[in-house]
Amino acid sequence: METTYLILNAIVAGLLLGGLYAAMASGVSISFGMLDVTNIAHPAFIILGSYIAYIVNSNWGFDPIVTSFVVSPLFYLLGLLLYRVYYYAFERKGQQSLRSLAFFFGILFITEVVLILIFGVDYRLVSAAYTEKTIQIAQYAMTPDSTLHVDLPLRMVVPFVVSMVMIFALNWFLSHTFFGRAVLAVAQDQFALRLMGVDPVKIKERAFGLSLAIAGVAGALLIVVQPVQPSIGRDFIGLVFAVCVLGGMGSIKGAVVGAMILGLAESFTSTFAGPSWAPAVSFGLLLLAVAFKPSGLFGR
Amino acid sequence: MANSIKVTDLCAGYGAVQVLNSVSLEVRDGETVTMLGTNGNGKSTLIKSIMGIVKPISGKVEAEIDGVTHNLIGMEPEQIVRLGIALVPEGRRLFPKLTVEENLLLGAYRGEARARIAENLDFCYQAFSRLAERRNQLAGSMSGGEQQMVALARAVMTSPKILLIDEPSVGLAPILVSRTIEKIGELKDKFKLTVLMAEQNFHQAVKIADRGYVIVHGHIEFEGRRDEMANNDMIKKLYLGI
């Protein structure tokens with residue numbers, strides 16, 4: 001019975017964690033998967049989102065997640081600007097691959113160092129009504145003194161729900177609007193898109209802005225789930241790209257499923273083998289997926 | 001309102017290689033004009049120059065849309081498309097990982113096309129019943145003939161006044177070639193289009209063409225009406241082997 005509850009808890013924790021990962025990876029699914037822009041600085045913008053949520057929350061007590069949606073237009077504008085620089089400096093000259101990788105690495109480190117200079121390397125966290133509460137479900141009395149139960153910590157549940165709603169909306173937007181369909185098309189054939197009367201650079205610019213807006217929100221979700229310090233962004237580079245590749249490049253649905261799989265894998269390994277094995281199992285899964293289905297689970 | 005294209009003394013090429021040598025060509029309102037010529041003679045380059053894809057060295061390209069004349073030199077392809085000129089490109093260039101319907105809806109991106117989206121979509125599904133059946137299939141998984149239909153339908157979805165078609169018959173079985181050419185004729189009648197079609201297949205192209213040009217080594221070697229084309233010695237030599 002104890003094992004059953006251990007497994008149940010691992011599943012629930014894994015799915016909740018997967019919800020967070022999905023929010024962090026869906027922006028990369030747009031920039032890397034659909035626009036072919038290898039934005040490895042994406043986690044840096046997530047951390048920036050975390051710190052904005054932290055500043056507003058610790059100074060004025062506003063809800064971190066609501067704050068992140070309010071400031072998301074700023075992230076969008078930042079994205080427009082960044083893509084412009086990227087486009088004129090690299091993409092237009094056909095030098096995307098290696099040089100732009102260095103460019104985004106630079107952005108990652110600059111953001112990180114600026115945050116360290118301002119806030120130091122201490123872990124920061126936010127507080128809201130839901131961050132301290134845990135709901136217990138499926139209670140089972142072993143003995144009169146000890147009960148088994150499944151934990152639903154609200155600091156995980158709230159980000160999970162926000163993430164799922166946001167991604168659902170994003171997916172709907174991409175498949176049902178003219179702009180969304182153009183985003184899906186832009187990586188497939190830019191020339192053909194021009195023949196539809198669409199300027200592919202404008203589409204990519206706006207879509208990149210959208211991916212950064214999502215990064216900002218994902219940052220707030222992250223700092224609700226766990227304390228954040230400037231350099232943990234780097235730990236997530238591998239994770240978010242792994243989620244995109246596992247799920248299938250450019251598929252939002254795939255990114256969600258990939259995030260859930262990695263969340264579950266991490267949760268199960270932490271429960272049964274110890275947390276230090278978690279990355280090994282996650283990336284082992286990725287290797288298997290790439291070996292047997294290189295296009296990813298939902299790659300079309 | 002008249003829709004026409006006029007190319008005057010056009011020279012164009014790629015880098016140091018000049019492909020078109022002082023080419024003049026005209027497509028008048030409501031005409032279907034075919035441009036004949038074998039591979040490498042400059043048909044595609046001419047079409048690409050009209051669409052702003054190849055930047056000409058010298059010469060004029062003008063289009064009259066609803067009676068207003070536009071100078072196309074220096075315009076980007078997407079701007080030219082927004083004027084009301086659509087291109088069905090060589091090799092079709094569909095979005096392979098989008099469904100047939102998503103491909104068609106992308107065609108309706110420009111403002112004028114959005115206003116008529118339901119009407120145009122209905123028409124496309126009527127004209128190409130096969131596409132209606134397969135509207136949710138990925139475009140990349142369809143056969144060559146079906147893909148050519150999607151490409152034509154997608155161009156129609158842009159609500160064009162002038163339609164340019166680059167080698168519609170390439171890679172298609174003979175039966176599909178004649179069906180494709182018939183569909184082009186149908187589309188033209190329905191939408192009162194002005195059509196310029198580059199084609200290698202003389203027998204098929206001449207079925208729907210009002211006039212034709214033969215382009216050889218970047219020069220226009222022949223220009224004439226349909227009946228003149230069928231009786232021309234050079235065309236006989238080039239295409240009919242007589």
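In what order do the strands of the open sheet of 6 strands in chain B run? In this predicted model, the order is 6-7-8-3-9-10, and the pairing within the sheet is mixed. The edges are formed by strand 6 (85-88) and strand 10 (219-225) of chain B; each has a single partner strand, so one side of each is left without a neighbour in the sheet. From one strand to the next, the twist averages 15 degrees.

Within this sheet, strand 3 (residues 32-36) and strand 8 (residues 194-199) of chain B are paired in the parallel sense, over 5 bridges. Across this pairing, Val33(B) stands opposite Leu196(B) of strand 8 of chain B. Helix 1 (residues 43-50) of chain B packs on the sheet and touches strand 3, strand 6, strand 7 (162-166), strand 8 and strand 9 (211-216) of chain B. The direction of helix 1 makes about 145 degrees with that of strand 7 of chain B.

Chain B also holds an open sheet of 4 strands, in the order 2-1-4-5 and with antiparallel pairing. Strand 2 (17-27) and strand 5 (68-71) of chain B are the edge strands here, each pairing on one side only. Neighbouring strands of the sheet are turned against each other by 20 degrees on average, direction ignored. Strands of a sheet pair through backbone hydrogen bonds, either parallel or antiparallel.

Strand 1 (residues 4-14) of chain B pairs with strand 2 of chain B in the antiparallel sense over 7 bridges. Strands 1 and 2 of chain B form a hairpin, with 2 residues between them. In the turn, Gly15(B) has a positive phi of about 60 degrees. Two bridge partners in strand 2 of chain B may be named: Val17(B) is the partner of Tyr14(B), and Val23(B) is the partner of Leu10(B).

In chain A, a helix pair was examined. Two packed helices are described by the angle between their axes and the distance between the axes. The axes of helix 2 (residues 42-60) and helix 3 (residues 64-89) of chain A come within 9 Å and cross at roughly 125 degrees. Angles from 65 to 115 degrees count as roughly perpendicular and those over 145 as roughly antiparallel; helix 2 and helix 3 of chain A are therefore oblique to each other. Their crossing is right-handed. On the side of helix 2 of chain A, the contact is made by Phe45(A), Gly49(A), Ile52(A), Ala53(A), Val56(A) and Asn57(A). Helix 3 of chain A contributes Pro64(A), Thr67(A), Ser68(A), Val71(A) and Phe75(A). By class, the contact of helix 2 with helix 3 of chain A has 7 nonpolar, 4 polar and no charged residues.

The contact between the chains takes 16 residues from chain A and 19 residues from chain B. On the side of chain A that touches chain B, the elements that give two or more residues are helix 6 (178-186) and helix 7 (190-194) of chain A. Helix 6 of chain A gives the most to this side, with 5 residues. The residues of chain A on this side divide into 9 nonpolar, 2 polar and 5 charged.

For the complex, the predictor gives an ipTM of 0.90 and a pTM of 0.89. The pLDDT of chain B averages 90, and 98% of its residues score at least 70.

Definitions and conventions. Residues are numbered from 1 along each chain as its sequence is written. Chains are lettered from A and ligands numbered from 1 in the order in which they are written. This is a predicted model: local features need pLDDT of at least 70, side-chain atom pairs count only at pLDDT 80 or more; totals for chains, interfaces and linings use all residues. Two strands pair if DSSP finds at least two bridges between them. Axes are lines fitted to C-alpha atoms, for helices over the stretch in contact, and angles run from 0 to 180 degrees between N-to-C directions. pLDDT is the predictor's confidence in each residue, from 0 to 100. Angles under 35 degrees count as roughly parallel, over 145 as roughly antiparallel, 65 to 115 as roughly perpendicular and the rest as oblique. A crossing is left-handed if the near helix is turned anticlockwise from the far one by less than a right angle, and right-handed if clockwise. Two residues are in contact if their C-beta atoms, placed from the backbone, lie within 7 Å. Ala, Val, Leu, Ile, Met, Phe, Trp, Tyr, Cys and Pro count as nonpolar, Asp, Glu, Lys and Arg as charged, and the others, Gly among them, as polar.
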